[in-house]
Structure formats: structure tokens, C-alpha cells
Amino acid sequence: LPPTRRKLEHLYARYLAFKEERPDAPKIEICSQIVEEPAPELFMTGDSAYNFYLDMQRKERLLNKLKEIPK
């Protein structure tokens with residue numbers, strides 16, 4: 001899918017940039033630095049975003065029901 005392709009291309013480009021700056025750095029160190037960076041965009045499809053929204057609504061309803069239960 002295009003969002004996944006963009007995400008992977010971005011991650012690979014960041015990896016190459018870090019590797020060029022520090023050629024002796026271990027791969028795990030470079031990967032951990034890349035993972036800690038903020039994402040340049042939200043790499044989700046419209047369907048994924050909608051499903052995420054529905055999941056959050058369900059969780060909110062469940063939490064509200066749990067709050068109503070007397071202790």
C-alpha cells in the first residue's frame with residue numbers, strides 16, 4: 001500500500017543518512033535513533049484511521065461503564 005511504501009522509504013532514507021554520518025555505528029544504534037524520532041506524517045490509510053477511531057470509541061464507552069460500577 002502507498003502509505004506503507006512511503007513509511008519504509010522514509011525509514012530507509014533515514015537509515016542511509018545516519019549511516020553516512022557515522023559509518024562505524026552499529027545498526028541497532030542507528031535503528032533505535034530512527035525509531036525515537038517523530039514521524040514526518042501519519043502513515044495510515046483512511047480505513048486504518050477509521051478503524052482506530054472506532055476502537056477508541058469502544059474503549060471510551062467501556063471505560064465509562066466501568067466508572068459507573070459502584071465500588
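The legends below describe close-up views of salt bridges, a nonpolar core and a surface patch in a predicted model. Residues are numbered from 1 along each chain as its sequence is written, and side-chain values use heavy atoms, with hydrogens and water left out. Because the model is predicted, local features need pLDDT of at least 70 and side-chain atom pairs count only at pLDDT 80 or more, whereas totals for chains, interfaces and linings use all residues.

**View 1. A salt bridge joins Arg14 and Glu37.** The structure holds three salt bridges, a salt bridge being a side-chain nitrogen of Lys or Arg within 4 Å of a carboxyl oxygen of Asp or Glu. In this one, the closest N and O atoms of Arg14 and Glu37 are 2.8 Å apart. The pair links distant parts of the chain, since Arg14 belongs to helix 1 (residues 2-21) and Glu37, 23 residues away, to the loop between helix 2 (27-36) and helix 3 (46-68); helices (H or I, at least four residues) are DSSP runs, numbered from the N terminus. Arg14 is partly exposed at a relative accessible area of 25%, and Glu37 is partly exposed at 27%, where buried means under 20%, exposed over 50% and partly exposed in between (1.4 Å probe, protein chains only).

**View 2. Arg22 and Glu29 meet through their side chains in a salt bridge.** The N to O distance is 2.6 Å. Arg22 has a relative accessible area of 38% and Glu29 one of 27%.

View 3. Asp55 is partly exposed at 32% relative accessibility, as is Arg58 at 46%.

**View 4. Tyr15, Phe18, Ala25, Ile30 and Ile34 make up the largest nonpolar core.** Such a core is a set of buried Ala, Val, Leu, Ile, Met, Phe, Trp, Tyr and Cys residues joined through side-chain atoms within 4.5 Å. Helix 1 and helix 2 each supply at least two residues of this core. Leaving aside residues up to four places away in sequence, Ile30 touches Tyr15, Phe18, Lys19 and Ala25, contact meaning heavy atoms within 4.5 Å.

**View 5. Leu42, Met44, Phe52 and Met56 make a nonpolar surface patch of about 390 Å².** Patch residues have over 30% relative accessible area and no salt bridge; like charges are joined within 9 Å, and nonpolar side chains (Val, Leu, Ile, Met, Phe, Trp, Tyr) within 5 Å. Accessible areas come from the Shrake-Rupley method with a 1.4 Å probe, and for residues only the protein chains shown count as cover. Met56 lies in helix 3 and is partly exposed, with a relative accessible area of 34%.
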